Every structure is written in C-alpha cells, then in structure tokens.
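I opened this model to look up its pockets, cavities and nonpolar cores. My entries follow in the order I made them.

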Amino acid sequence: MEESKIDDLIKRMTLEDKAHQLTQINADFVATDSKATVTGLTGYLKLDNDDVEKVGSVLNFSGGEMAKAIQKKHLEKNEIPLLLMQDVIHGYETMYPLNIAMGGTFDLDLVEDCAYMSGIEAKLNGVHVTFAPMVDLVRDARWGRVNESTGEDPYLNGLMARAFIRGYKKAGLGVCVKHFAGYGAAESGKDYNVTEISEYTLRNFYLPGYKECLKEKPDMFMVSFNVLNGVPMAANSHLLIDVLRNEWGFNGVVISDYNGIGEMITHGYAPSYKECAKTAITNQIDIEMMSSSYIHYLPSLIHEGEINSLVVDKMVKRVLTMKNNLGLFENPFRGIDIKKYKDMIRTKANRKLVLGAAEKSCVLLKNNRVLPLETDTSVILIGPYADERSIIGRYKCLGRVDDCISVKIGVESLLGVEVETSKGCSSNILDNDYSMIDEACDKASRHEVIIACVGESSEDSGEGASRADISLPSVQIELIKKLAELKKKLVLVVFGGRPQVLSEVEKYADAILYAWEPGSEGGTAIANLLYGKSYPSGKLTMSFPRSTGQCPIYYNHFNTGRPKNPDIISNANFNSSFRDELNSPLYPFGYGLTYTTFIISNVHLSNDSLSKGEAIKLYVDIKNIGERDGQEVVQLYIHDIYASCVRPVKELKGFKIVKLKQGEESSITFEINEDMVKFYSSKGEYEAEPGEFEVMVGFNSKDVTTINFTLKRWEI
Ligand code: BGC
C-alpha cells in the first residue's frame with residue numbers, strides 16, 4: 001500500500017480508533033465471545049467486547065488455525081488488519097538450545113540458520129513479529145532470564161542479536177529488540193527489581209548490544225520493566241526519546257512490556273492510569289501491551305491538551321507502516337499454511353539443524369580423560385534428568401516435550417541396547433528427600449561408568465524464576481558424593497538455564513558436560529558428545545561463580561585500586577576480595593574444552609604502534625597437538641591500560657572459530673583498528689584515547705598470551 005493511503009486511513013480514524021490501534025492484548029480475549037474472560041482474571045483492563053474487537057494487535061496464540069480465526073473475526077468489524085505477535089525465542093516447535101547456550105557456539109551462521117528455521121515455522125502459523133531478540137547484558141546468574149540472553153559481553157551480544165535478526169527477517173518475520181534498557185541489571189538478580197546504572201556503564205556495557213541491532217533494521221523495540229535510576233523505563237525520556245529516537249534515529253515501533261505502562265502506578269511513579277497514558281505517549285511508546293490506559297484516556301488527554309495529537313498520529317503511522325511493510329494490507333493472512341507447516345516440522349533437516357546446535361552449545365567443563373566413552377563399557381544413567389524429556393526451556397511456543405529426546409533415549413539409540421536408569425532424587429530444587437539415593441548407588445555399583453544427569457529444571461530459570469542460591473540442591477550434592485564413593489568413572493551432565501555453582505561437586509566428577517536446556521534433540525546431542533560421535537566445542541558466555549556470593553561476576557570488570565590475585569584467598573585486609581572465597585570464577589567467560597589440545601604460538605603484531613585511520617594486524621599460529629580432530633574459538637581481548645575513565649581489565653574484540661584435524665596447524669590474523677578501542681569517555685563522546693594497550697589472545701578469557709601496542713597521539 002502506498003504511504004499516502006496510510007495517511008488517508010489515519011485521517012479517517014477517530015481518537016478512539018487510534019487508541020485501540022495502539023493497544024495490544026492477549027489473543028485469547030479476541031478468540032472468545034465471552035465478556036467473562038475479559039473481566040475475569042484480567043479485569044484490571046476493564047475492556048468490553050467492543051474494545052476487544054477493535055484493538056490493533058494481539059500476543060501469544062496457539063497456532064495457525066487460531067491465527068486465521070481471530071484475523072477473520074477482526075476483519076468483520078475493522079478495515080485495518082490485526083497484528084499477531086509471539087515469543088519465538090529459541091524455536092517455535094522444533095526447539096534449539098536456550099539463547100545463553102547458542103551464544104556459546106560463537107557461531108553466527110548457526111544462530112542465523114536456527115532463527116530462520118523457527119521464523120519459517122512461526123510464519124506458517126500466522127506469527128507476524130517475534131518478541132526477539134533479547135539483547136540484555138547479563139552478569140548475575142541469580143536472574144532467571146539470563147537464559148534468554150547471549151551473556152555478559154556487549155560485543156558478542158550485539159553480533160549474536162544481529163544474527164538472530166537476520167535469520168528471522170530472512171524467514172519473513174518481523175523482530176522486536178528487547179528489553180530496552182538495562183533489565184539485566186536487576187538488583188540481586190531478582191526479576192523485575194530496580195536497576196541503578198550510570199551513564200558510563202549504560203553507554204559502555206548495556207546499550208551497545210541494542211544499538212548494534214539497528215544495523216539490521218529491526219521493526220520494533222520493547223521497553224523494559226525495570227525502574228532505572230529511580231524512573232520506570234516506560235517514563236525514561238532520556239533513553240526512549242533522546243537516545244533511541246533522536247541519537248540513534250530509530251523510527252520503528254516501540255512497544256511496552258506486558259502491563260509495563262500500568263505498572264508505573266505500582267512502582268509509585270504515576271498516580272493514575274491517566275497519568276500512565278500521558279507519560280507513555282509523551283515518550284512515544286507506540287503500542288501499550290496488556291494495560292489499557294490508552295483506550296481509556298488517550299482521547300480525553302488530547303481534548304484537554306495534555307498530549308499532542310500530532311504525536312499520536314505519528315505513533316499510529318509507525319504501527320500502520322509496520323503492518324504495511326509486513327504485507328498485512330495486501331494479505332492479512334500472510335504466511336499461514338498449516339499443511340506446509342505440518343510437512344516441515346520434524347523434517348530431517350530441522351531435526352539435524354537443532355541437533356547440530358545442541359552439540360555445539362554443550363560445554364565440556366572438565367575431563368580427566370574419561371570422555372569420550374567406549375561404547376562397550378557398561379554404563380548407568382542416574383539423576384532426575386536421566387530420562388527427562390522436558391529439556392527445551394520455558395519459552396517453548398508449540399515445542400512439545402513428548403517430541404524431545406531425553407538422555408536415556410539418546411544413549412540407548414546410540415548404543416543399540418537398553419541402559420539401566422535410576423532417578424536418585426527428584427528434580428524439585430527444594431526437595432530434601434534423600435530416600436532414593438541408596439537404590440541409585442546400589443544399581444550404579446554394578447557398572448563401570450556412571451552418567452549423573454543433574455541440575456535445575458526448565459521451570460527454575462526464565463521469567464520470574466530467580467534463585468537466591470544457585471548451587472546444586474543439597475540432595476543432588478549428596479547423591480553425587482555417594483556415587484563418587486563407588487570409585488567408578490563419574491560423568492556429570494548438568495542441565496539448567498543459568499550458570500550454577502558446581503564447586504562442591506566438581507572435585508568428585510571425572511568429567512562435566514554442561515548441557516543447558518539443549519532442545520528437541522538434546523539427548524541425541526549429549527549421547528553423541530559423550531561417545532565421541534561429535535566433539536564438544538561450546539564455550540561459556542557467562543562466568544561460572546564459585547559461590548553465589550560472588551554474583552554478579554563478569555570477566556570484563558575493572559581493576560579497582562586494590563586488586564588481588566584472583567586465584568588466592570585473601571587473608572590480608574584492605575584489598576578488594578573476600579575472606580572466604582577467591583575472586584576468580586570457577587570457570588571463566590569463553591571457557592570450554594574439547595577432546596583434543598590446541599596451542600597458540602608466535603603471537604605478534606605487524607606494528608606495535610597504531611596511527612589514526614590505520615589498522616595493525618595480530619598474527620597467531622594455532623596447532624592441534626592432541627589425538628583427535630577438534631575445534632577452538634580463538635578469542636581476542638584488548639585492555640586500555642590508562643584512560644580518562646577506567647577501562648575493563650579486558651574486553652572481547654574479536655574471535656575466530658578454528659577447526660583442525662589431529663596434528664594440523666593454521667595461522668590466523670586479526671585486524672586491530674581505532675574503532676575497536678573507542679569507548680564512551682568522560683567527555684561524553686565515543687572516542688579512542690591515545691596510549692598503551694594490551695592485546696590478549698587465547699581460548700578463554702583467563703589463559704591468554706599478551707603483547708602491547710601504542711595508540712599514537714594524533715598529529716594535528
Ligand atoms: C516478557 C516479555 C515478553 C512478553 C510477551 C513479558 O512478560 O517480559 O519478554 O515478550 O511478556 O509475552
């Protein structure tokens with residue numbers, strides 16, 4: 001449709017029409033004819049059937065039939081088609097691993113392919129725009145939503161988010177970058193909690209990921225739930241107007257989060273729904289999700305001169321333009337093809353793709369040469385996740401647990417025999433029933449290898465699922481201790497949506513594979529990795545703490561004036577450390593083993609000084625000196641030693657995936673340029689400050705080879 005027609009449409013709309021167009025509610029309300037649902041549980045919306053029939057968009061519906069039905073119903077009364085949105089986060093029906101796990105593949109093509117696959121599945125079911133990617137920087141593993149993020153590094157998050165966007169868009173799905181901004185900094189990792197982030201930290205750590213997304217032209221941004229520096233994000237003009245609209249030039253749709261506008265009352269910021277509407281419209285939040293202040297107060301606010309009708313028209317125009325760009329005016333049922341969908345899900349290609357993603361995202365944390373296992377050793381599967389199919393996370397759309405491969409199914413089909421299994425304890429993290437441990441140990445005593453599948457359930461991470469203690473539950477620790485006493489080979493496979501504290505059990509295990517929530521083919525992937533049909537290559541994108549008290553812990557921290565050797569417990573006072581814990585994480589950012597050994601040598605620079613507008617090169621030789629083929633992620637970090645604002649001890653600035661056969665070697669080159677060392681400085685500008693830099697290269701953020709270069713003072 002031509003742009004002028006959108007303007008004509010807007011001219012014909014009443015203020016009430018506009019308010020409805022700018023509102024999003026649950027699809028369930030539209031699907032039902034009963035007023036009861038609307039006034040029941042979600043009575044706070046105070047909407048009647050006329051309102052429901054007129055709203056411009058809906059969220060979360062269950063498949064193509066429903067999408068068709070609600071669109072049809074909507075068009076009986078409206079000229080403008082309904083927008084349908086859904087949380088397609090890490091799969092639609094064919095599920096790939098959690099985003100935190102996908103980040104650890106460092107594989108942007110794989111991420112793009114997975115997003116594309118889920119985008120196609122979703123589009124065939126009538127989804128127009130997904131509430132993804134989630135780009136929140138995360139540092140505190142107590143926060144349940146770390147599982148939706150790709151981790152603690154702004155550079156990697158930005159690249160990953162772009163790969164997700166490319167994949168979704170290629171499939172024809174619109175995207176919504178979320179949650180803007182700083183939601184990941186929730187105090188004490190408690191969901192929806194307040195955040196305090198200085199401009200320096202926002203600009204250098206929290207904002208770059210979202211900003212990077214603009215390069216892929218996202219359709220939408222979602223406003224986060226958090227109070228930031230005392231003001232709810234829905235009221236934060238600095239970020240919503242000055243930064244997002246004016247500085248970054250984003251002219252797409254901004255949507256609130258679920259009741260995020262209405263919650264300004266609960267926060268103690270806006271005294272009434274009317275004030276909520278006024279604040280949110282002033283900040284140009286184009287769509288109000290699951291609160292109804294626009295419907296109730298937008299018209300009167302305009303009549304009273306409290307808000308500008310031109311601003312409202314601009315907001316409506318953005319929404320209609322997005323609908324138009326998505327092709328909804330030409331075909332409101334765009335994409336829906338239930339037959340094609342049924343033919344494509346569970347195809348070999350989709351299952352192969354998510355299998356590959358699961359294999360690449362599991363992280364081998366420890367291996368005392370017990371892995372890979374021989375297929376002829378007698379093995380038992382122990383633990384609450386040994387025969388658990390629910391390993392696809394909570395944002396599963398139409399993902400079906402009964403369609404998932406558990407570890408037991410995966411191992412049995414690889415070995416071609418039945419494998420003995422015993423639970424040992426329940427998956428409830430609060431459980432203190434130790435009564436199943438003896439039986440599990442008794443059974444385990446008759447085998448050479450014990451694979452213990454432990455961790456947290458898919459319900460224990462995600463939205464609203466924060467944890468105050470991220471250790472394994474004590475009953476699992478006891479189970480592992482008792483299994484270790486049997487003096488068999490003990491392999492832990494750990495499930496979960498966040499880094500968990502493994503310090504108490506790490507010493508008992510011969511090997512640890514961190515499986516996250518690996519998706520529909522999780523059990524196959526784990527079996528393939530354990531038996532060497534594929535090799536582990538996943539890396540951690542969040543530091544794994546030694547104890548919960550270290551949270552938040554992240555590799556790109558500042559030095560402090562009194563740093564402490566991170567691997568020595570402090571008994572001296574007056575340094576930045578704990579008296580009862582090391583400063584270092586148990587496993588650092590970027591860490592993950594494989595079944596062979598790579599070494600780095602001959603690290604050198606083309607020039608040890610860098611001039612404005614030029615680039616220097618860093619050369620690195622890599623060799624596979626182990627006994628198998630394998631893959632490593634070569635990581636490049638930079639440290640600006642002295643600056644007008646202190647800089648992190650290191651920051652990821654580049655990476656390359658290197659695959660080498662046994663004995664093979666290769667040379668790789670990184671380019672280093674001025675842009676890579678720019679930061680938001682004390683002058684409030686992005687700039688590179690001349691001086692000394694350290695450049696580090698390694699296979700994780702801790703074990704690195706360091707050399708220096710100088711950024712030359714610019715000639716005037
Ligand atoms: C979450 C969002 C999500 C929305 C819609 C909210 O509770 O914070 O991430 O997109 O619900 O389901």
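**Entry 1: second largest pocket**

Which helix gives the largest share of the lining of the second largest pocket? I looked it up: helix 10 does, with seven residues. I note that I am working on a predicted model.

I read a volume of about 750 Å³ for the second largest pocket. I then listed its lining, which has 25 residues. Closest to the centre I found Pro208, Glu212, Lys653, Asp675 and Lys678. Helix 9 (154-170), helix 10 (199-213), strand 21 (651-660) and strand 23 (679-680) each give two or more residues to this lining. By class I got 11 nonpolar, four polar and 10 charged residues. I also checked the domains: domain 1 (3-339) and domain 2 (598-711) each supply at least three lining residues.

**Entry 2: largest pocket**

Next I took the largest pocket, with a volume of about 950 Å³. I found 34 residues in its lining. Nearest the centre lie Tyr554, Tyr555, His557, Phe558 and Val649. I recorded 17 nonpolar, 12 polar and five charged residues for this lining.

**Entry 3: cavities**

How many cavities of 30 Å³ or more are in the whole structure? My search gave three.

The largest cavity holds about 70 Å³ of space. Among its lining residues I noted Ile638, His639, Asp640, Arg647 and Phe693. Lys653 and Lys678 line this cavity, and I had already met both close to the centre of the second largest pocket. Strand 20 (630-640) and strand 21 each supply at least two lining residues. Strand 20 has the largest share, three residues. The classes came out as five nonpolar, one polar and five charged.

For the second largest cavity I read about 50 Å³. Its lining includes Ile89, Phe131, Met134, Phe164 and Tyr168. I counted seven nonpolar, one polar and two charged residues there.

**Entry 4: nonpolar cores**

I finished with the cores. The largest nonpolar core has 124 residues. Tyr96, Phe180, Met220, Phe221 and Tyr294 have the most contacts inside this core. Helix 9 gives the most to this core, eight residues. Why does this core lie between domain 1 and domain 2? Both domains give residues to the core, so I place it between them.

I looked up Tyr294 in detail, leaving aside neighbours within four places in sequence. Its contacts include Leu22, Ile261, Ile281, Pro299 and Met315. Asp286 and Glu288 are also among them.

I then found a second, separate core of 48 residues. Val146, Phe225, Ile437 and Leu479 belong to this second core.

Methods. Residues are numbered from 1 along each chain as its sequence is written. This is a predicted model: local features need pLDDT of at least 70, side-chain atom pairs count only at pLDDT 80 or more; totals for chains, interfaces and linings use all residues. Side-chain values use heavy atoms; hydrogens and water are left out. On a 1 Å grid over the protein atoms alone, a cavity is a set of points where a 1.4 Å probe fits but cannot get out, and a pocket is an open set with protein on both sides within 12 Å along at least five of seven lines; lining residues have an atom within 4 Å of a point. Grid points are joined across faces, edges and corners, and a volume is the space filled by probe spheres set on the points. Ala, Val, Leu, Ile, Met, Phe, Trp, Tyr, Cys and Pro count as nonpolar, Asp, Glu, Lys and Arg as charged, and the others, Gly among them, as polar. Helices (H or I, at least four residues) and strands (E, at least two) are DSSP runs, numbered from the N terminus. Domain bounds come from an automatic or database domain assignment. A nonpolar core is a set of buried Ala, Val, Leu, Ile, Met, Phe, Trp, Tyr and Cys residues joined through side-chain atoms within 4.5 Å. Buried means under 20% relative accessible area, exposed over 50%, partly exposed in between (1.4 Å probe, protein chains only). Contact means heavy atoms within 4.5 Å.
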